[in-house]
There are 4 protein chains.
Amino acid sequence: MSEFEKITATEEFDILMMRYDSAIREVRTKLEILNNELSLTSVESPISSIESRRKKDRSIYEKLKRQGNEISLESIEENLNDVAGVRVICSFVDDIYNVARMLVRQDDVTLIQVKDYIKNPKANGYRSYHMIVEIPVFFSNEKKPMRVEVQIRTVAMNFWASLEHQMKYKHDVEKAEQIMKELKACADTIADTDMRMLKIRESISAK
Amino acid sequence: MSEFEKITATEEFDILMMRYDSAIREVRTKLEILNNELSLTSVESPISSIESRRKKDRSIYEKLKRQGNEISLESIEENLNDVAGVRVICSFVDDIYNVARMLVRQDDVTLIQVKDYIKNPKANGYRSYHMIVEIPVFFSNEKKPMRVEVQIRTVAMNFWASLEHQMKYKHDVEKAEQIMKELKACADTIADTDMRMLKIRESISAK
Amino acid sequence: MSEFEKITATEEFDILMMRYDSAIREVRTKLEILNNELSLTSVESPISSIESRRKKDRSIYEKLKRQGNEISLESIEENLNDVAGVRVICSFVDDIYNVARMLVRQDDVTLIQVKDYIKNPKANGYRSYHMIVEIPVFFSNEKKPMRVEVQIRTVAMNFWASLEHQMKYKHDVEKAEQIMKELKACADTIADTDMRMLKIRESISAK
Amino acid sequence: MSEFEKITATEEFDILMMRYDSAIREVRTKLEILNNELSLTSVESPISSIESRRKKDRSIYEKLKRQGNEISLESIEENLNDVAGVRVICSFVDDIYNVARMLVRQDDVTLIQVKDYIKNPKANGYRSYHMIVEIPVFFSNEKKPMRVEVQIRTVAMNFWASLEHQMKYKHDVEKAEQIMKELKACADTIADTDMRMLKIRESISAK
């Protein structure tokens, strides 16, 4: 049995994964409640859609390996912050910051880390707002704090990111460079258009 | 404008209703997490299905009226415990008590009231386990404790209850009495069969 | 590579499975449309819930093996009628026959086989109405007739069947016989109660 | 009773609306099956999301009124093509035409009308591909051809359209003109970026 199987083929591993799934549910519920509330009081809801995923077994193993960390359940909980991932897609840039603020303000949510790739885009043009939060989840016998990575971005940023993601599988290096340049240019145009659309919305809602 | 419209046609009423909807979501999430966890460790999941409903505007108004209470938003929150309703359908009788216990044990859930119509069936044969619980729900600006009625029953009890419910619309009194008697007899047989099925399950899982 | 992997680890196998999934969707849509229509015109909807599952890769392989049939994609389509399975749970016995009749009457549905285990229960007490139907499904390049097994039963029959299913994993033979006897007795009581409940419903709806 | 109520408060009206709901389900199922199939064979699925809505009672009435048509159930079926509406959101422009072609090619789908606002954008900048299709839907007693409007657009076009929609409620005319001009400019930039992103995708997938 390989090192990978020795950890992932255990009941304890399945239970830990179920816990991350539960944490995802809790965060989704919190976000859906906020979205429902705000849909009532504003013209449009701040959240366009919510996606979530739990990190694949294989990726968990490989990330620990890459980090040089021990391969164990404790090590997963200690060293990986993105086993549970929730992605929030907003229509407008200012909604991103509003949603983040309202989530973090809740007294059972602990903010562990923030990375604002909107104010500081990555070199390739990637824009998104990332937070690691910790929330308590109730199981049959105990209450466990669980970590969840929350990524918040606009529809346009998300579209860009999904195309950029496909580039990872592109091996023709010469052409790749050219494509990366064009992708970067598109990212900037998209960010610029997002700001113009936000200004239009502000003009519309202003009296 | 009627008294009914004066209260239900306000934005404040809509907001209160959205809050009850949110409380329903929270309770459902808690139950789904428990069910997922227990599905992992036992052969079958304790919960067969979960239904929920928010009380209709008209029924809220009529219940306050019938109780002789004031028609106001404060009065709704104070006097009605079943605006938010969650129904949990279990396969076996013992799962009912397990689910109830696990929910109430969570430290953000406050148990307000219990009515055990399984140990003490209603005169017509109705069986079900009822609880009023209070849970905190996070909104954009505040954390509010909200009340939810949780009804837990077996598949068979639920089937019986839905037929009995149809009787409410039966006006042919003479025949009604006869039907009620037959319904009562069926309720007893169903409760008896539920216990026999539970014993069979126990025999199956015993080593 | 084992014989099992040689067939299931191919893209063609994945495509065939996706086709069965699509057939399940089509049958579910047909049933949901009928249920919505009938909910409008009668007090209660005839269908209480719909479940569906596609046969596991391993079970497909083992069934072909057991039948002594060739292990190939053509053989799956030719010899297995239950790769796509839809289960319809009705509240009342007469709804079972109504739903079956309405589905089979549709001019793009071909009835391949019927097994009525309600009129002719299995020796162990199992009751359910089974049909194999064939429906056309539209893919990007072609229209394919696909087979689906549709099982229709009452809530009570379904509850019984799920408990009986657990018995398959019971190996203590002596006790097993005793349990089987008790299960059979419960199945008869449940069938009897189903008929009594149906009569009560008829009395309620009669003027 | 008003003319509006005389038609919408009837059981026949409810039945007709249920039929349009059923037609929406059928079209959604067809699209989901295509999307599932294509997700298997290409890197990304062509459809990013599907939304649907049935036209509000009030809007149905007002549209007939505005058209100068009779207010009757027959008139709805004859004169309105958009009571049932399905919106398909694609990531890339070419997916729009692929999805449209695959839907229309199915032999139970009849194409009634096409309006290509991508090739010919509206004056305000609106871009989207619109089709009216007719599909047969099976009810308990009959098979009825029903009309559905299918709108297909990119994520970016959809975002633009939702903002433009809010402008409808803007009454400050002077400022409105300015906003419309800016919206038109954004629409053009978005369409341009959509084409650049499509070219990047083509470069990525080219060998």
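## Ground rules

Two residues are in contact if their C-beta atoms, placed from the backbone, lie within 7 Å. With that in hand, please keep in mind that this is a predicted model.

## Where chain C meets chain B

Between these two chains, 24 residues from chain C and 24 residues from chain B make up the contact. On the side of chain C that touches chain B, the elements giving two or more residues are helix H6 (155-167) and helix H7 (173-205) of chain C. H7(C) gives the most, with 14 residues. By class, this side of chain C splits into 13 nonpolar, six polar and five charged residues.

How are the two copies related? Chain C is superposed on chain B by a rotation of 180 degrees with 0.1 Å of shift along its axis, and the RMSD is 0.0 Å. That is the relation of a two-fold axis. Among the residues of chain C, C:Ala156 comes closest to the rotation axis, with its C-alpha at 3.4 Å. The copies meet through the same surface, because 100% of the interface residues of chain C are also interface residues in chain B.

## Where chain C meets chain D

Turning to the other partner, 24 residues of chain C are in contact with 24 residues of chain D. Here helix H2 (11-41) and strand E4 (129-138) of chain C each supply at least two residues to the side that touches chain D. The largest share of that side, 16 residues, comes from H2(C). Sorted by class, the side of chain C that touches chain D has ten nonpolar, five polar and nine charged residues.

Which way do the helices run at this contact? H2(C) packs against helix H2 (residues 11-41) of chain D at an angle of about 170 degrees, and their axes are 10 Å apart. Angles over 145 degrees count as roughly antiparallel, so H2(C) is roughly antiparallel to H2(D). The contact of H2(C) with H2(D) has eight nonpolar, six polar and twelve charged residues.

## The sheet in chain B

Chain B holds an open sheet of five strands in the order E1-E2-E5-E4-E3, with mixed pairing. Strand E1 (47-54) and strand E3 (110-116) of chain B are the edge strands, each pairing on one side only. From one strand to the next, the twist averages 25 degrees.

Within this sheet, strand E4 (residues 129-138) and strand E5 (residues 143-154) of chain B pair in the antiparallel sense over ten bridges. For B:Pro136, the bridge partner in E5(B) is B:Pro145. Helix H2 (residues 11-41) of chain B packs on the sheet and touches E1, strand E2 (84-90), E4 and E5 of chain B. The direction of H2 in chain B makes about 175 degrees with that of E1(B).

## The sheet in chain A

In chain A, five strands form an open sheet in the order E1-E2-E5-E4-E3, and the pairing is mixed. The edges are strand E1 (47-54) and strand E3 (110-116) of chain A, each of which pairs on one side only. The twist in this sheet averages 25 degrees from one strand to the next.

E1(A) pairs with strand E2 (residues 84-90) of chain A in the antiparallel sense over seven bridges, and A:Ile47 stands opposite A:Cys90 in E2(A). Helix H6 (residues 155-167) of chain A packs on the sheet, where this helix touches E1, E2 and strand E5 (143-154) of chain A. The direction of H6 in chain A makes about 95 degrees with that of E5(A).

Definitions and conventions. Residues are numbered from 1 along each chain as its sequence is written. Chains are lettered from A and ligands numbered from 1 in the order in which they are written. This is a predicted model: local features need pLDDT of at least 70, side-chain atom pairs count only at pLDDT 80 or more; totals for chains, interfaces and linings use all residues. Helices (H or I, at least four residues) and strands (E, at least two) are DSSP runs, numbered from the N terminus. Ala, Val, Leu, Ile, Met, Phe, Trp, Tyr, Cys and Pro count as nonpolar, Asp, Glu, Lys and Arg as charged, and the others, Gly among them, as polar. Two strands pair if DSSP finds at least two bridges between them. Axes are lines fitted to C-alpha atoms, for helices over the stretch in contact, and angles run from 0 to 180 degrees between N-to-C directions. Angles under 35 degrees count as roughly parallel, over 145 as roughly antiparallel, 65 to 115 as roughly perpendicular and the rest as oblique. Copies are superposed by least squares on the C-alpha atoms of residues with pLDDT of at least 70 in both.
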